[in-house]
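Keep the structure in view while reading.

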Amino acid sequence: MATWYRKTEQGWLIAVHAQPGAKKSAVAGLHGGALKIRIAAPPVEGKANAALVAFVAGALGLPRGAVSVVRGDSSREKLLLVAEPAADPALLHMEQS
């Protein structure tokens, strides 16, 4: 199992290094112990967090409500909760462009 995600009772915790303001939203590989995701939204008024949640949910085929930021609202280093135990976080790394 990769070090950037782990299973919990609630689902999956995913460590993300977010890069807001990118040309397009995409997985950019690993950054330390986190998955680096470029987000095509500015880091203002929660827009980048909302876009990150939408991107991760879409990549995993889940509704947006199944993904939430549990730590790092105003930081590039975030911890996401995917509240769907049957989801496969490894699919995110396969989204890499």
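## Helix α1 and its surroundings

N49 is found in helix α1. The model is a predicted one. Helix α1 covers residues 47–60, which is 14 residues. From its first C-alpha to its last, α1 reaches 20 Å, close to the 20 Å expected at 1.5 Å a residue. After the helix comes G61, which has a positive phi, near 70 degrees.

The buried residues of α1 are A48, N49, L52, V53, F55, V56, A57, A59 and L60. They pack against the strands β2 (12–20), β3 (26–31), β4 (34–39), β5 (67–71) and β6 (77–82), and against the helix α2 (90–94).

Is N49 itself buried or exposed? N49 has 14% relative accessibility, so it counts as buried, the limit for buried being under 20%. Leaving out residues up to four places away in sequence, N49 touches V69, D73 and K78.

L52 is another buried residue of α1. Apart from its neighbours within four places in sequence, L52 is in contact with V16, A18, I37, I39, K78 and L80.

## The loop after the helix

R64 lies in the loop between α1 and β5. Because its relative accessibility is 59%, R64 counts as exposed; the limit for exposed is over 50%. R64 touches V53, A54 and A57, not counting residues up to four places away in sequence. R64 and A51 are 13 residues apart along the chain, and their C-alpha atoms are separated by 9.9 Å.

## The nonpolar core

In soluble globular proteins, nonpolar side chains tend to be buried together. Here the largest nonpolar core has 27 residues. Which residues have the most contacts inside this core? They are I14, I37, L52, V56, L80, V82 and L92. Two or more residues of the core come from each of β2, β4, α1, β5 and β6. With eight residues, α1 gives the most to it.

## The largest pocket

The largest pocket has a volume of about 170 Å³. Its lining is made of 15 residues, and P43, A48, N49, D73 and K78 lie nearest the centre. At least two residues of the lining come from β2, and at least two from α1. The element that gives the most to this lining is α1, with three residues. N49, already described as a buried residue of α1, touches both D73 and K78.

## The aromatic rings

A pair of aromatic rings is described by the distance of the centres and the angle of the planes. The count for this model is two aromatic pairs. The table gives their values.

| Ring pair | Distance of centres | Angle of planes |
|---|---|---|
| W4 and Y5 | 4.6 Å | 70 degrees |
| Y5 and W12 | 5.5 Å | 70 degrees |

Why is the pair of W4 and Y5 edge-to-face? Their planes are at 70 degrees, so the pair is edge-to-face, given that the class takes angles over 60 degrees. The planes of Y5 and W12 are at 70 degrees, so that pair is edge-to-face too.

The ring pairs link W4, Y5 and W12 into a cluster. W4 and Y5 are both buried. Y5 counts as buried because its relative accessibility is 11%. W12 has 9% relative accessibility and therefore counts as buried.

Conventions: Residues numbered from 1 in each chain as written. Predicted model: local features only at pLDDT ≥ 70, side-chain atom pairs only at ≥ 80, totals over all residues. Heavy atoms only, no water. Phe/Tyr/Trp six-rings, centres within 6.5 Å; stacked < 30°, edge-to-face > 60°. Buried < 20%, exposed > 50% of the residue type's maximum accessible area, 1.4 Å probe, protein only. Helix = DSSP H or I, 4+ residues; strand = E, 2+ residues; numbered from the N terminus. Expected span 1.5 Å × (residues − 1). Contact = heavy atoms within 4.5 Å. Core = buried A, V, L, I, M, F, W, Y, C linked by side-chain atoms within 4.5 Å. 1 Å grid on protein atoms, 1.4 Å probe; cavity = no way out; pocket = protein on both sides within 12 Å on 5 of 7 lines; lining within 4 Å. Points joined across faces, edges and corners; volume = space filled by probe spheres on them.
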